[in-house]
Amino acid sequence: MKLQSIKRLAVSAIITTALAAATFVVVPQSYADDHEKCQRRIEHAEAKLDQAIRKHGERSGEARERRRDLNAERERCWSEYHGWWDAHERRWHEDRDWDRDRDHDRDDHH
């Protein structure tokens with residue numbers, strides 16, 4: 001009876017250890033994948049904004065709509081990661097400063 005209890009305890013400890021180890025491997029990968037999805041959504045929105053500016057002009061209604069879409073994606077990433085991707089600078093920002101005067105975002109501020 002005692003041997004059986006020790007075996008169950010040992011199996012339980014092994015399973016617990018394996019699950020804990022798996023968590024340390026899976027969670028960072030999942031976080032990286034989600035971060036990457038966020039980055040791709042922002043890059044897509046920035047490309048759409050650039051296209052609207054080229055096609056319709058910097059102050060066009062289309063550009064304003066795409067700018068709103070881009071800012072919504074940035075806000076979404078900020079809410080999830082407290083960071084946002086800047087496709088033009090090719091880097092993550094840790095400050096919520098995308099509403100400052102930037103390249104093609106200027107007409108929102110003038």
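**Note on the predicted model**

1. Ala87 touches Glu43 and Glu46, leaving aside residues up to four places away in sequence; contact here means heavy atoms within 4.5 Å. Ala87 lies in the loop between strands E1 and E2 (91-93). Ala87 is buried, with a relative accessible area of 17%. The cut-offs are under 20% relative accessible area for buried, over 50% for exposed and partly exposed in between, with a 1.4 Å probe and protein chains only. Between the C-alpha atoms of Ala87 and His44 the distance is 9.1 Å, and the two residues are 43 apart in sequence.

2. The model is predicted, so local features need pLDDT of at least 70 and side-chain atom pairs count only at pLDDT 80 or more, while totals for chains, interfaces and linings use all residues. Residues are numbered from 1 along each chain as its sequence is written, and side-chain values use heavy atoms, with hydrogens and water left out.

3. The mean pLDDT of the chain is 80, and 75% of the residues score at least 70; pLDDT is the predictor's confidence in each residue, from 0 to 100. Confidence is lowest in helix H1 (residues 2-56), with a mean of 78, and highest in H2, with 94. Over residues 103-110 pLDDT stays under 50, and the model has 24 contacts for them beyond four places in sequence. Where pLDDT is low, the predicted coordinates should not be read in detail.

4. The chain contains 2 helices and 2 strands, in the order α-α-β-β along the sequence. These elements are DSSP runs numbered from the N terminus: helices are H or I with at least four residues, strands are E with at least two. Of the 110 residues in the chain, 27% are buried. Among contacts with a separation of 6 or more, 50% join residues 24 or more positions apart.

5. Does the length of helix H2 agree or disagree with its residue count? H2 has 21 residues (61-81), which at 1.5 Å a residue should span 30 Å, and its end C-alpha atoms are 30 Å apart, so the two agree. The expected span is 1.5 Å times one less than the number of residues.

6. The buried residues of H2 are Ala63, Arg67, Leu70, Glu73, Arg74, Cys77, Trp78 and Tyr81. Seen down the helix axis, the buried residues of H2 fall within an arc of 140 degrees, so they line one face; the arc is that of the directions from the axis to the C-beta atoms. The face turned away from this buried side carries exposed Arg68 and Ser79.

7. The largest nonpolar core has 14 residues, of which Ile42, Leu49, Leu70 and Trp84 touch the most other members. H1, H2 and E1 are the elements that give two or more residues to this core. A nonpolar core is a set of buried Ala, Val, Leu, Ile, Met, Phe, Trp, Tyr and Cys residues joined through side-chain atoms within 4.5 Å.

8. Asp86 sits in strand E1 (residues 84-86) and is buried at 4% relative accessible area. The side chain of Asp86 reaches the backbone nitrogen of Glu89 at 3.1 Å.

9. His82 is in the loop between H2 and E1 and counts as exposed at 53% relative accessibility. Arg90, also other than glycine, has a positive phi near 55 degrees. Arg90 lies in the loop between E1 and E2 and counts as exposed at 52%.

Conventions: Polar contact = N/O pair within 3.5 Å; in protein donor to acceptor, adjacent residues only side chain to side chain.
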